[in-house]
Amino acid sequence: MQRLLTTLWPSAIDGRLTIHHLPSQHSNHFDIQTAVTISGDEWAELQQGAYANDDVYFGLGARGADVQRGKQGGKKDVVALPGFALDVDFLDPPCPQCEKPAHRCDCGKTRPAHASDNLPPGEAEVYEILKVGHEPTIVVSTGNGWHLYWCFNEYLQTESSSQKTQVQKAYKDFQSIYIEQAKKLGYHIDYTHAIQRIWRVPGTINKKNNKLVEIIHIEPKNRYTVQELVKAPSTRVIAKETKSLKVITQALKALSPDNPNADLIDKVLR
């Protein structure tokens, strides 16, 4: 958890980290500057007691000082965002007894994590989806999928309602890049762009399948502007292909300076 927090919030921020428990619906709020100094063992101790059997989540968006005690807070409570995130669920394996898809199992031996049958089956398919964008900063295995985070160069302020509206729109545009790519490949990814959304805490157990939630990739140097993250992938691909075509054309002109089509190609590529 500490690695996650220090990567999301590497510099000072006046905000609260929300830790939310389900199904108990109880939240605790920590000053972020204090939270980033709490060790993994201390976080584990905090999850014991009355909420030891709960799934544990955290709010990616920093809450303000006025967030209601014991509640996770809504959009109005979010004052800053350290990055964008994406929730990719994997297809449940078939029931080992009846061999039906997990969400259609009627023998009672399988508890499906998701109802959809067009989710990516695993990592290889998710890599194909991610090819359209930038490398994530953090990848967390949730026990039945991935939570991916792309950190900003600078935190986004979301204190005013207009800032919240602008950031949420950019967040949706960002997720659309991957959701549309998933559709092209025949898979489904949910929109999860609410700035108040909660995400699974690494080091805890996913109670749906008793699997560990853990960080599987982290690269703190991967930081982006919002403009970089929401740029249409087709534009990036076209720009790359056009640059390659220019290089090829220049090489052909050098080999054959009298090529009558060289000037025409040059004019098209400008």
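**View 1. Strand β1, tucked into the rest of the structure.** Strand β1 (residues 16–22) has 5 of its 7 residues buried, so the rest of the structure largely encloses it. Here, buried means under 20% relative accessible area, exposed over 50%, and partly exposed in between, using a 1.4 Å probe and protein chains only. Strands (E, at least two residues) and helices (H or I, at least four) are DSSP runs, numbered from the N terminus. The model is predicted, so to speak plainly about what is included: local features need pLDDT of at least 70, side-chain atom pairs count only at pLDDT 80 or more, and totals for chains, interfaces and linings use all residues. Residues are numbered from 1 along each chain as its sequence is written, and side-chain values use heavy atoms, with hydrogens and water left out.

**View 2. The partners of β1.** On one side of the pairing list is strand β2 (residues 26–31), which pairs with β1 in the antiparallel sense over 6 bridges. Two strands count as paired if DSSP finds at least two bridges between them. Arg16 stands opposite Asp31 in β2. Strand β3 (residues 55–59) also runs antiparallel to β1, joined to it by 4 bridges. In that pairing, Leu22 stands opposite Asp55 of β3.

**View 3. The turn of the β1–β2 hairpin.** This hairpin has 3 residues between its strands. Gln25 isn't a glycine, yet its phi is positive, near 65°. As for cover, Gln25 is partly exposed, at a relative accessible area of 47%.

**View 4. Asn210, in another loop.** Asn210 is found between β9 (205–206) and β10 (211–212). Here's another non-glycine residue with a positive phi, this time about 60°. With a relative accessibility of 62%, Asn210 counts as exposed.

**View 5. Stepping back to the whole chain.** The protein chain has 8 helices and 12 strands. Of its 270 residues, 44% count as buried. The accessible surface comes to about 14,600 Å², and carbon and sulfur atoms hold 50% of that; areas come from the Shrake-Rupley method with a 1.4 Å probe, and for residues only the protein chains shown count as cover. Among contacts with a separation of 6 or more, 69% are between residues 24 or more positions apart, where contact means heavy atoms within 4.5 Å.
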